[in-house]
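Here is my note on the model, point by point. Please read it with the structure open.

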Amino acid sequence: MKNIYPSFKTRIILFYIIFGLIPMLLISYHSFNAAAKSILEISHNQTSQLVNNIAAQTEDFYKNTVSDIYQMSENPLVQLSFLQFSYGQRMDTIRDRLILYRANSNIYKSIFLFNKNNTLILAIPENSKNELTIGSGNIAESLNTDFSTFIDSDNIYLMKRVYDFEDLSSPVGLLVFQIEKRKFFRFIDRLKLTDEDVKLIHSNGELIYKNNEISSSLTYKHFQSNVPSLNWTYSVYVPESFLFSKINTLKEKTLLFVFTVTLFALIAALYFAEKLITPIRKVIKGTAEFAKGNFKYRIDIKRGREIKMLADSFNKMAEDIEKRQEELIQVNKLASLGLMSAGIAHEIKNPLAGIKTTAQLLLKRNTNDPNNVLIQSIVEETDRLNRTLKNMLNFAKPTSANIEKISLKQSVEYAINLLKKEVEGKNIKFNVEVEDVYVVVDKDQMTQIFFNLILNAIQSIDKKIGMINIFTETNTSLIKIIIQDNGKGIDSANLNRIFDPFFSLNPDGSGLGLSVVYNLLKQNNIEIKIDSELGVGTKITLTFNGEAN
């Protein structure tokens with residue numbers, strides 16, 4: 001790798017110079033010439049578009065206010081107010097509504113209602129009637145048309161005729177919106193290209209807005225757009241020096257840009273060469289570690305989609321190999337111990353039967369013998385040893401699986417029913433939420449698996465209130481059943497040993513129950529996962545990999 005790396009980096013740099021740097025310099029030169037010729041046209045088009053957009057915004061603003069007054073004129077409360085304006089209490093309602101409407105819109109300076117006799121019946125706000133700058137003649141003229149607009153030096157008035165609520169052909173009054181001109185001018189006020197640009201607005205040839213004076217010492221480019229609804233013409237005069245300044249700036253910055261890009265591109269080429277090689281190094285190191293048998297090693301690559309996928313595949317392969325290796329060790333361990341257990345059980349079974357028979361005969365012959373208590377203890381201990389031998393024989397030579405489709409729910413319920421005596425006198429509550437799903441396993445072996453796992457959960461609980469939750473998860477293509485308790489839990493140091501024969505956390509246990517369960521799980525193609533924490537409890541997850549529905 002040390003011999004390949006410099007050669008690879010050098011090729012990256014040469015590739016960059018030949019196919020990147022030289023073409024970039026040529027393109028930059030020709031691009032500058034082309035940009036210098038077209039930049040004036042671009043600036044002209046952009047400024048023209050800005051002026052057109054401002055005119056369009058003003059047009060839209062005006063149309064929205066017209067739409068507002070049309071909607072308000074069709075409001076039943078507004079229509080009825082002209083017929084009920086003499087009733088003060090009823091007018092209070094429409095007054096409150098208009099006050100709220102004006103406050104929410106933040107557009108309208110004042111709102112007025114005139115009846116068909118040209119009499120002002122309502123003004124919002126109340127003191128705005130003193131600021132009304134249109135005469136009775138304008139009001140009378142507007143009453144003869146459905147909609148009209150009046151513009152004075154400071155305000156724009158929108159006037160809409162209101163019709164009877166029940167007879168839409170009968171006018172009852174006039175609705176007037178007063179809007180300050182500056183609300184319309186705010187769009188062009190926002191356009192600020194330079195401090196020397198000049199913005200004008202004409203209406204019917206009359207100047208109604210100007211922000212600056214045209215200087216005789218400057219040459220301007222003229223841009224113009226119209227607001228048809230208001231019959232306004234927007235004119236913007238931009239100094240040519242402002243437009244040419246972009247070309248001069250471009251000329252000054254081109255050399256700096258080319259130099260800067262060249263430098264950064266070279267640094268980037270070296271950086272990405274290093275970024276490309278580093279993940280490959282990590283993958284090579286990872287494969288070397290895996291080859292040594294260090295399957296706990298992980299290739300840590302955060303970036304680069306393809307190389308990260310490759311690293312993740314290697315990590316997954318190592319994880320699978322490690323898992324299979326642990327399973328193989330466990331199987332070999334169980335197989336060896338199984339042969340030994342079978343021999344021990346066979347040798348001990350017959351003597352135990354003789355001891356038990358002899359003890360039972362002694363009990364029958366000497367019914368009043370004070371030593372009968374000791375003899376009874378011999379019988380009970382012999383039975384306990386026989387149960388241990390039975391477990392050893394089951395561990396050493398489990399019966400072959402009789403595969404069939406069974407109800408998972410019924411199997412769990414049957415196992416719980418067998419354990420009724422184990423929970424007598426204990427405050428243990430079962431919370432069973434097992435779905436009625438079917439799996440293909442050995443029915444008796446499945447009962448034995450559930451029996452042992454639930455029994456372990458019961459025996460682990462030493463709290464006043466015990467809880468064992470048994471439920472299924474079927475949100476994936478696989479069926480999972482979880483057995484969770486709030487017992488003592490298992491120390492992490494012992495978690496990997498719980499399937500070992502003769503290892504038990506229960507002083508009265510034989511240490512073979514979970515070993516038998518492990519063999520039965522493998523026969524039925526079921527995976528087991530155990531999570532536990534001291535003082536919290538244990539969670540066992542069984543995953544059925546075979547056919548299920």
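**Notes on the predicted model**

1. Four strands make an open sheet in the order S7-S6-S9-S8, and their pairing is antiparallel. Strand S7 (206-210) and strand S8 (220-227) are the edge strands; each has a single partner strand, so one side of each is left without a neighbour in the sheet. On average, neighbouring strands here are turned by 25 degrees against each other, direction ignored. Keep in mind that this is a predicted model.

2. Look next at the S8 end of that sheet. S8 pairs with strand S9 (residues 232-239) in the antiparallel sense, over eight bridges. Which residue in S9 is the bridge partner of histidine 222? The partner is tyrosine 237.

3. Helix H5 (residues 181-189) lies across strand S6 (198-203), S7 and S9. The angle between H5 and S7 is about 65 degrees.

4. Five strands form it, in the order S11-S13-S14-S16-S15, with mixed pairing. Its edges are strand S11 (428-433) and strand S15 (526-533); each has a single partner strand, so one side of each is left without a neighbour in the sheet. From one strand to the next, the twist averages 10 degrees.

5. Opposite asparagine 469 stands glutamine 484 in S14.

6. Isoleucine 428 deserves a look. This residue lies in strand S11. Is isoleucine 428 buried or exposed? Its relative accessible area is 14%, so isoleucine 428 is buried, the cut-off being under 20%. Leaving aside residues up to four places away in sequence, isoleucine 428 touches Ile458, Ile461, Gly466 and Ile468. Aspartate 485 is 57 residues away from isoleucine 428 along the chain, and their C-alpha atoms are separated by 9.9 Å.

7. Now the charged pairs. Side chains of opposite charge can pair when their charged atoms come close. How many salt bridges does the structure hold? The count is six.

8. Lysine 63 is partly exposed at 45% relative accessibility, whereas glutamate 59 is buried at 10%.

9. Aspartate 92 is partly exposed, at 37% relative accessibility. Arginine 95 is also partly exposed, at 25%.

10. Glutamate 213 counts as exposed, at 54% relative accessibility, while lysine 210 is partly exposed, at 40%.

11. Backbone geometry needs a check at the bond between isoleucine 124 and proline 125. This peptide bond is cis, with omega at about -5 degrees. Proline 125 is placed in the loop between strand S2 (120-124) and helix H4 (136-143).

12. Asparagine 106 has a positive phi of about 55 degrees, although it is not a glycine. Where is asparagine 106 placed? This residue is in the loop between H3 and strand S1 (110-115), and is exposed, with a relative accessible area of 60%. Asparagine 118 also has a positive phi, near 70 degrees. Its place is in the loop between S1 and S2. At 25% relative accessibility, asparagine 118 counts as partly exposed.

13. Last, the surface. Leu263, Phe264 and Ile267 make a nonpolar surface patch of about 310 Å². Leucine 263 lies in helix H6 (residues 240-291). With a relative accessible area of 42%, leucine 263 is partly exposed.

How values were computed. Residues numbered from 1 in each chain as written. Predicted model: local features only at pLDDT ≥ 70, side-chain atom pairs only at ≥ 80, totals over all residues. Heavy atoms only, no water. Pairing = 2+ DSSP bridges. Helix = DSSP H or I, 4+ residues; strand = E, 2+ residues; numbered from the N terminus. Axes fitted to C-alpha atoms, helices over the stretch in contact; angles between N-to-C directions. Patch = residues over 30% accessible without salt bridge, like charges linked within 9 Å, V, L, I, M, F, W, Y side chains within 5 Å. Areas by Shrake-Rupley, 256 points an atom, 1.4 Å probe, with all protein chains shown as cover. Salt bridge = Lys/Arg side-chain N within 4 Å of Asp/Glu carboxyl O. Buried < 20%, exposed > 50% of the residue type's maximum accessible area, 1.4 Å probe, protein only. Contact = heavy atoms within 4.5 Å.
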